[in-house]
Amino acid sequence: MSDEPLALDVAHIGHSYGARRALDDVSFSVAAGSFTVLLGLNGAGKSTLFSLITRLYAAREGKIAIFGHDVARESGAALRRLGVVFQARTLDLELSVMQNFIYHAALHGIGPGEAKRRGAALLERAGLADRAKDKARDLSGGQMRRVEILRALLHEPRLLLLDEPTVGLDIKARADILAQVRALVAERKLAVLWTTHLIDEVTPSDDVVVLHQGKVLAADTSANIMAATRTDNIGAAFERLTGAKARDAA
Ligand SMILES: Nc1ncnc2c1ncn2[C@@H]1O[C@H](COP(=O)(O)OP(=O)(O)OP(=O)(O)O)[C@@H](O)[C@H]1O
């Protein structure tokens with residue numbers, strides 16, 4: 001283990017909507033340079049957790065730190081290190097891919113020249129260089145998602161959160177996106193928190209957090225969770241922990 005701080009440290013987080021308890025004493029961490037899957041069914045509390053990590057909501061219970069920076073007390077330093085891909089599509093469909101990059105980069109204080117340079121390099125690496133001038137509207141669903149992921153990397157975050165990034169995509173597009181993000185983890189030592197309800201997106205070496213009805217039921221490597229539940233696949237482990245069936249594929 002290195003002395004590097006955790007990419008994400010979520011400690012005793014709780015959140016209620018009126019009387020409904022959406023998150024209850026949620027704790028887990030994402031190590032720097034790791035791929036962590038947050039596995040939970042619809043309603044588990046994944047989006048609520050994202051809203052707290054990104055400061056859309058202020059956390060009233062518990063603490064969240066990004067690379068050692070408390071998101072409540074040092075929001076600037078914490079959020080600078082964070083890139084986010086939300087579940088809902090957020091590209092401006094009437095703008096070109098590069099214009100989308102330039103506007104987004106401006107939000108992070110990056111000028112248009114630098115945004116173009118970084119955007120072109122990201123597109124090149126992703127094999128999408130020829131789409132820079134195309135309107136976002138003309139991309140396929142899978143390409144839009146890949147462009148959104150690249151856009152989230154423009155300010156060079158070290159932690160990337162993705163909220164159900166493969167929802168609504170076909171098998172090939174889902175596999176491409178997973179491969180793109182796993183390559184980023186390997187090449188850039190980017191830490192990733194990938195939320196999904198799809199069991200087949202987990203590999204045995206991934207770290208997995210099982211979130212169910214607002215509570216963390218397990219947080220460990222996939223292999224250790226299988227061993228602890230005496231199961232031979234993460235789907236069976238999920239069922240044993242939650243009493244519910246996760247889905248294999250979209
Ligand atoms: N704005 C809100 N007002 C009231 N209840 C809410 C609100 N947002 C979420 N909830 C409730 O909080 C719980 C957790 O919801 P959340 O959206 O965080 O789950 P999720 O795991 O992201 O599910 P999904 O993938 O379906 O969005 C659910 O019971 C949901 O109905």
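Predicted model: local features only at pLDDT ≥ 70, side-chain atom pairs only at ≥ 80, totals over all residues.
Student: How much space lies in the largest pocket, and which lining residues are closest to its centre?
Tutor: The volume, taken as the space filled by probe spheres set on the points, which are joined across faces, edges and corners, is about 360 Å³. Of the 17 residues in the lining, the closest to the centre are L82, V84, F86, H104 and H108.

Student: Which element gives the most residues to the lining of the largest pocket?
Tutor: Elements are DSSP runs numbered from the N terminus, with helices (H or I) of at least four residues and strands (E) of at least two. Those that give two or more residues to this lining are α2 (75-80), β6 (82-85), α3 (97-107) and α5 (141-151). The most, 4 residues, come from β6.

Student: Is strand β8 mostly covered or uncovered, and how many of its residues are buried?
Tutor: Buried means under 20% relative accessible area, exposed over 50%, and partly exposed in between, for a 1.4 Å probe and protein chains only. A191, L193 and T195 on one side of β8 are buried, as are V192, W194 and T196 on the other. Strand β8 (residues 191-196) is thus mostly covered, and its buried residues number 6 of 6.

Student: Which residues stand opposite T195 and W194 of β8?
Tutor: Two strands pair if DSSP finds at least two bridges between them. Strand β3 (residues 35-39) is parallel to β8 and pairs with it over 5 bridges, and strand β7 (residues 159-163) is also joined to β8 in parallel by 5 bridges. Opposite T195 stands L38, and opposite W194 stands L162.

Student: Which are the edge strands of the open sheet of 4 strands?
Tutor: This sheet has antiparallel pairing and the order β2-β1-β4-β5. Each edge strand pairs on one side only, and these strands are β2 (20-30) and β5 (69-70).

Student: Which residue in β4 stands opposite L8?
Tutor: Strand β1 (residues 8-17) runs antiparallel to strand β4 (residues 61-66), and 5 bridges join them. The residue that L8 faces in β4 is I66.

Student: What is the phi of F67, and is F67 buried or exposed?
Tutor: Most residues other than glycine have a negative phi. F67 lies in the loop between β4 and β5 and has a positive phi near 45 degrees. With a relative accessible area of 7%, F67 is buried.

Student: What distance separates the C-alpha atoms of R158 and A7?
Tutor: R158 is found in the loop between α5 and β7. Its relative accessible area is 34%, so R158 is partly exposed. Although R158 and A7 are 151 residues apart along the chain, their C-alpha atoms are separated by 7.5 Å.

Methods:
Residues numbered from 1 in each chain as written. Heavy atoms only, no water. 1 Å grid on protein atoms, 1.4 Å probe; cavity = no way out; pocket = protein on both sides within 12 Å on 5 of 7 lines; lining within 4 Å.
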